[in-house]
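Please brief me on this chain.

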Amino acid sequence: RWGGILYGAQYQMQGQNQPYASRFTNGDIPCAVCEAKGKISIFMFPAKKGCPLNWVQEYHGYLMSSYFNNDHSSQYLCFDDAIETAQGMGSHSGGSHFYPVSVNAGYGLRTPPYVNARELTCAVCSK
């Protein structure tokens with residue numbers, strides 16, 4: 001083949017302190033777009049459960065990305081507290097996988113406010 005290949009993406013929930021139920025493991029991630037009509041700015045605030053003063057919360061949840069030692073990287077994305085799965089294969093498909101992002105304290109992150117090995121929350125806000 002010549003050119004790019006498009007794969008789907010799946011949730012991966014493993015280990016302790018997982019923010020989502022294990023039933024979402026290998027669940028296909030649906031495509032989603034956030035639109036806030038009449039808003040000038042939409043911003044994702046990592047490690048927050050709410051929005052700064054004068055911002056409106058669109059949703060909150062947990063920060064997720066690819067596995068830390070994967071050959072390829074991904075963006076850090078904020079997944080809603082009420083995640084859903086798309087109808088699909090529902091098994092390990094070999095596409096992209098998103099894992100909850102946890103804190104590795106001592107490498108530029110202080111405790112407190114961060115808690116070592118705890119998953120990071122996030123909030124998507126607009127104004």
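Ser65 sits in strand 3, which spans residues 56-65; strands are DSSP runs of E with at least two residues, helices are DSSP runs of H or I with at least four residues, and both are numbered from the N terminus. The model is predicted, so local features need pLDDT of at least 70 and side-chain atom pairs count only at pLDDT 80 or more, while totals for chains, interfaces and linings use all residues. Residues are numbered from 1 along each chain as its sequence is written, and side-chain values use heavy atoms, with hydrogens and water left out.

- Ser65 is buried, at a relative accessible area of 8%. Buried means under 20% relative accessible area, exposed means over 50%, and partly exposed lies in between (1.4 Å probe, protein chains only).
- Leaving out residues up to four places away in sequence, Ser65 touches Ser74, Gln75, Tyr76, His97, Phe98, Tyr99 and Val101. A contact means heavy atoms within 4.5 Å.
- Strand 3 pairs with strand 5 in the antiparallel sense, over two bridges. Two strands pair if DSSP finds at least two bridges between them.
- Met64 stands opposite Pro100 in strand 5.

**Strand 5 and strand 1**

- Strand 5 covers residues 96-100 and is mostly covered. Four of its five residues are buried.
- Strand 1 and strand 5 pair in the parallel sense, over three bridges.
- Ala9 belongs to strand 1, residues 9-11. Opposite Ala9 stands Ser96 in strand 5.
- Ala9 and His97 are 88 residues apart along the chain, yet their C-alpha atoms are separated by 5.5 Å.
- What does Ala9 touch, not counting residues up to four places away in sequence? The partners are Gly27, Asp28, Ile29, Ser96 and Phe98.

**Ser126 and strand 6**

- Ser126 lies in strand 6, residues 121-126.
- Ser126 is buried, with a relative accessible area of 0%.
- The side chains of Ser126 and Glu58 are joined by a polar contact of 2.4 Å. A polar contact is a pair of N or O atoms within 3.5 Å; within protein, one must be able to donate a hydrogen and the other to accept it, and residues adjacent in sequence count only if both atoms are side-chain atoms.
- Beyond four places in sequence, Ser126 touches Ala36, Lys39, Ser41, Ile42, Trp55, Val56 and Glu58.

**Disulfides**

- How many disulfides does the chain hold? The count comes to two, with a disulfide taken as a pair of cysteine sulfur atoms within 2.5 Å.
- Cys51 and Cys125 form a disulfide, with their sulfur atoms 2.0 Å apart. This pair links distant parts of the chain, 74 residues apart: Cys51 is in the loop between strand 2 (42-46) and strand 3, and Cys125 is in strand 6.
- The disulfide of Cys51 and Cys125 is left-handed, because the torsion about its S-S bond is about -90°.
- Cys51 is partly exposed, with a relative accessible area of 24%. Cys125 counts as buried, at 0% relative accessibility.
- Cys78 and Cys122 form a disulfide, with their sulfur atoms 2.1 Å apart. This pair also links distant parts of the chain, 44 residues apart: Cys78 is in strand 4 (residues 77-80) and Cys122 is in strand 6.
- Why is the disulfide of Cys78 and Cys122 right-handed? The torsion about its S-S bond is about 90°.
- Cys78 counts as buried at 10% relative accessibility. Cys122 counts as buried at 1%.
- With the bonded cysteines numbered in sequence order, the pairing is 1-4, 2-3.

**The chain overall**

- The chain has zero helices and six strands. Along the sequence the pattern reads β-β-β-β-β-β.
- Of the 127 residues in the chain, 29% are buried.
- Among contacts with a separation of 6 or more, 64% are between residues 24 or more positions apart.
- The chain exposes about 9,000 Å², and carbon and sulfur atoms supply 50% of that area. Accessible areas come from the Shrake-Rupley method with a 1.4 Å probe; for residues, only the protein chains shown count as cover.
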